[in-house]
Amino acid sequence: MNIEIILFIVLASIAAVTSVMMITRKNAVISAVFLVLNFFSLAGLYLLLNAQFIAVVQVIVYAGAIMVLFLFVLMLLNTEAEHQLFVDKKGIKFFAIFIAVFVFIQLAFLIFKGAPSKSLNPDQAASIKAGTIQTIGQQLYTNYIIPFEVAGFLLLAATIGALVLAKKKFE
Amino acid sequence: MLTIPMEYYLILSAFMFTVGVAGVLIRRNAIVVFMSIELMLNSANLSLVTFSSYLGNSIGQIFVFFVMTVAAAEAAVGLAIIIAIFRNKLTVNIDEINIFKW
């Protein structure tokens, strides 16, 4: 057992358990806190995969910005806890869980049947080089400059859209 | 490193995606449904980063960067819509928001 396998098991089990906890908690604020934990463990997994830039962006954008927005709206609206989570419409909810389990079994079968790790041997040096901010920045400002600009424009449009939608009334 | 078979990461990604699907289907609070969608986006990101890292190619990580941009824009606009709905109907329960349902 080397350190990589131990770290993977710990981080992956945190990610799996917190994702299940997130959808089963009655109180939405507790769900949001479990989602933050899930995002942090994903950032750790990205570091294990040599994706250092994506790991940092995950913590800043997801665990920072987006979850603060979610918690702000949750506390602003002060919604009641779902005490009836598994009580009403029981049949539909168990059918939904059954569908989800079935889809997971299909995906797992496909992944193990396809076995992508058998047909490629990972190159450690190339993998580390691909994850650095230098490589990603160079790609973003040369080959992907138009998508980058479009993404900036999308953020501008989202800012204006959020302002217009959340304003008290339209003039 | 990279001694772990990449199937393990893909299985974790598939598991998180199906948990997100189940969350969208069983929860009635619109904000929690939104958080489940974020969970699904993150599981897709995990598999993109896995393939990018094991192939030694940075394009997958650039794609993850754009997914994060779209997710941030989507969260801002979606939460603004939820606030607007709450102001009109005083609820975020998606069973009671049914004006488009026939």
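This is a predicted model: local features need pLDDT of at least 70, side-chain atom pairs count only at pLDDT 80 or more; totals for chains, interfaces and linings use all residues.
Figure 1. Chain B contains three helices and zero strands. Read from the N terminus, the order of its elements is α-α-α. Chain B is more spread out than a compact globule, because its radius of gyration is 17 Å, well over the 13 Å given by the globule rule for 102 residues. Along the principal axes, the C-alpha atoms of chain B fill a box of roughly 55 × 25 × 25 Å.

**Figure 2. The contact between chain A and chain B.** Chain A contributes 72 residues to the contact, and chain B contributes 63 residues. On the side of chain A that touches chain B, at least two residues come from each of α1 (3–24), α2 (28–48), α3 (52–77), α4 (90–114), α5 (124–131), α6 (133–142) and α7 (145–166) of chain A.

**Figure 3. The side of chain A that touches chain B, by helix and residue class.** Which helix supplies the largest share of this side of chain A? The helix is α3(A), with eleven residues. By class, the residues of chain A on the side touching chain B are 54 nonpolar, 14 polar and four charged.

Definitions and conventions:
Residues are numbered from 1 along each chain as its sequence is written. Chains are lettered from A and ligands numbered from 1 in the order in which they are written. Two residues are in contact if their C-beta atoms, placed from the backbone, lie within 7 Å. Helices (H or I, at least four residues) and strands (E, at least two) are DSSP runs, numbered from the N terminus. Ala, Val, Leu, Ile, Met, Phe, Trp, Tyr, Cys and Pro count as nonpolar, Asp, Glu, Lys and Arg as charged, and the others, Gly among them, as polar. The radius of gyration is taken over C-alpha atoms; the globule rule is 2.2 Å times the number of residues to the power 0.38.
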